[in-house]
Amino acid sequence: MSKNRDVSWDFYRTFLSVLSDGSLSAAARELGITQPTAGRHIGALEEAVGFPLFIRSPHGLMPTEAALALRPYAENLAATTAALMRAASGEVGKIEGTVRISASDIIGVEMLPPIITAMQEVHPRLEIELSLSDTLEDLLRREADIAIRMTEPLQDAIVMRYIGNFRLGFHATRDYLAKAGTPKSMEDLNHHRMVGFDRKTPFIRAAIQRMRSLDPDIPDVEEISFEIRADSNLAQLAMIRASAGIGVCQIGLARKDPRLVQVLPNIDIPLHTWVAMHENLKTSPRCRAVFSALVEGLKGHLKETDPGAPPKRR
């Protein structure tokens with residue numbers, strides 16, 4: 001490796017963009033720089049590390065093993081830089097500046113908008129970044145300031161509050177059931193169009209494992225044959241609402257929609273939920289304010305939409 005280790009962050013940012021986009025021209029457009037500048041950044045980084053990072057191919061720039069080895073470290077730098085900019089975005093001691101929230105697409109679209117709106121009416125100088133994903137963004141690496149999670153955070157140095165049980169159940173529209181009939185048992189689902197997940201992500205595997213460990217009577221949804229598959233819970237809910245078939249969604253959300261009916265109501269799948277942030281952010285007024293608003297807002301939503309949900313973990 002070269003003795004020159006004083007490598008600009010700009011080089012790593014360009015490196016990540018080329019990894020993502022597969023070409024210098026696409027990376028340059030994304031970053032707002034010229035293609036020759038992007039090329040110089042990659043060349044300088046290759047000189048610093050002492051290895052080629054990309055190989056030209058008919059499909060664009062292909063990363064070498066050295067590039068793939070560097071990737072997680074560059075991503076850590078990007079997360080740290082983004083967290084630094086959020087920390088510097090407001091005046092010390094005031095509830096202003098940027099807070100990044102990580103949540104699932106269902107939570108982000110169906111529940112958070114009114115909570116965030118009310119929050120910003122009280123604190124108009126707050127800026128919210130909303131990352132909608134089921135991936136467990138790492139709070140320790142500050143990829144998000146606050147996370148809403150459906151699996152209990154196990155890391156050290158994390159402050160968390162339990163929200164409650166956003167119970168899941170099988171649902172369909174009245175129109176679908178009028179045409180296809182109402183199932184009376186799990187076996188009856190074999191004769192219906194089923195809406196479900198496209199692939200078993202680590203989040204889905206962890207959720208299923210936790211659900212069945214809490215209640216062995218919960219059906220193994222991995223064994224259900226889905227005729228309509230999507231990798232987005234929000235897309236699955238949209239398909240259920242469009243009368244495409246029977247699928248799983250939150251009981252409280254379904255109660256707000258007069259078109260939806262819970263089928264097999266004896267099946268109650270727990271979905272325990274937490275709000276979490278790094279303990280270092282307890283000293284940040286804006287993060288404390290957002291954390292508290294999310295806890296109270298989500299608890300209020302659960303109480304309003306599903307008052308029958310057990311208040312404590314089983």
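Of the 314 residues in the protein, 46% are buried. The model is predicted. The protein has ten helices and twelve strands. Among contacts with a separation of 6 or more, 76% join residues 24 or more positions apart.

**Stop 1: helix 3**

Select residues 35–49, which form helix 3. Its 15 residues reach 21 Å from the first C-alpha to the last, close to the 21 Å expected at 1.5 Å a residue. Now show the side chains of Thr37, Ala38, His41, Ile42, Leu45, Ala48 and Val49, which are buried. Look down the axis of helix 3: the buried residues fall within an arc of 140°, so they line one face of the helix. An α-helix has 3.6 residues a turn, so residues three or four places apart point the same way.

Turn to the face directed away from the buried side of helix 3 and pick out Pro36, Arg40 and Glu47, which are exposed. Then step just past the end of helix 3 to Gly50, where phi is positive, about 85°.

**Stop 2: helix 1 against helix 3**

On the helix 1 side of the contact, show Asp10, Phe11, Tyr12, Thr14, Phe15 and Val18; on the helix 3 side, show Ala38, His41, Ile42, Ala44 and Leu45. By class, this contact of helix 1 with helix 3 has eight nonpolar residues, two polar and one charged.

**Stop 3: helix 2 against helix 3**

Keep helix 3 and select residues 24–31, helix 2. Here the axes lie 8 Å apart, at an angle of about 105°. That makes helix 2 roughly perpendicular to helix 3. Leu24, Ser25 and Ala28 of helix 2 meet Gln35, Ala38, Gly39 and Ile42 of helix 3. Colouring the contact of helix 2 with helix 3 by class gives four nonpolar, three polar and no charged residues.

**Stop 4: helix 8**

Move to residues 233–241, helix 8. Which residues are buried in helix 8? They are Gln236, Leu237 and Ile240. These cover an arc of only 100° around the axis, which puts them on the same side of helix 8.

Conventions. Residues are numbered from 1 along each chain as its sequence is written. This is a predicted model: local features need pLDDT of at least 70, side-chain atom pairs count only at pLDDT 80 or more; totals for chains, interfaces and linings use all residues. Side-chain values use heavy atoms; hydrogens and water are left out. Helices (H or I, at least four residues) and strands (E, at least two) are DSSP runs, numbered from the N terminus. The expected span of a helix is 1.5 Å times one less than its number of residues. Buried means under 20% relative accessible area, exposed over 50%, partly exposed in between (1.4 Å probe, protein chains only). The arc is that of the directions from the helix axis to the C-beta atoms. Contact means heavy atoms within 4.5 Å. Ala, Val, Leu, Ile, Met, Phe, Trp, Tyr, Cys and Pro count as nonpolar, Asp, Glu, Lys and Arg as charged, and the others, Gly among them, as polar. Axes are lines fitted to C-alpha atoms, for helices over the stretch in contact, and angles run from 0 to 180 degrees between N-to-C directions. Angles under 35 degrees count as roughly parallel, over 145 as roughly antiparallel, 65 to 115 as roughly perpendicular and the rest as oblique.
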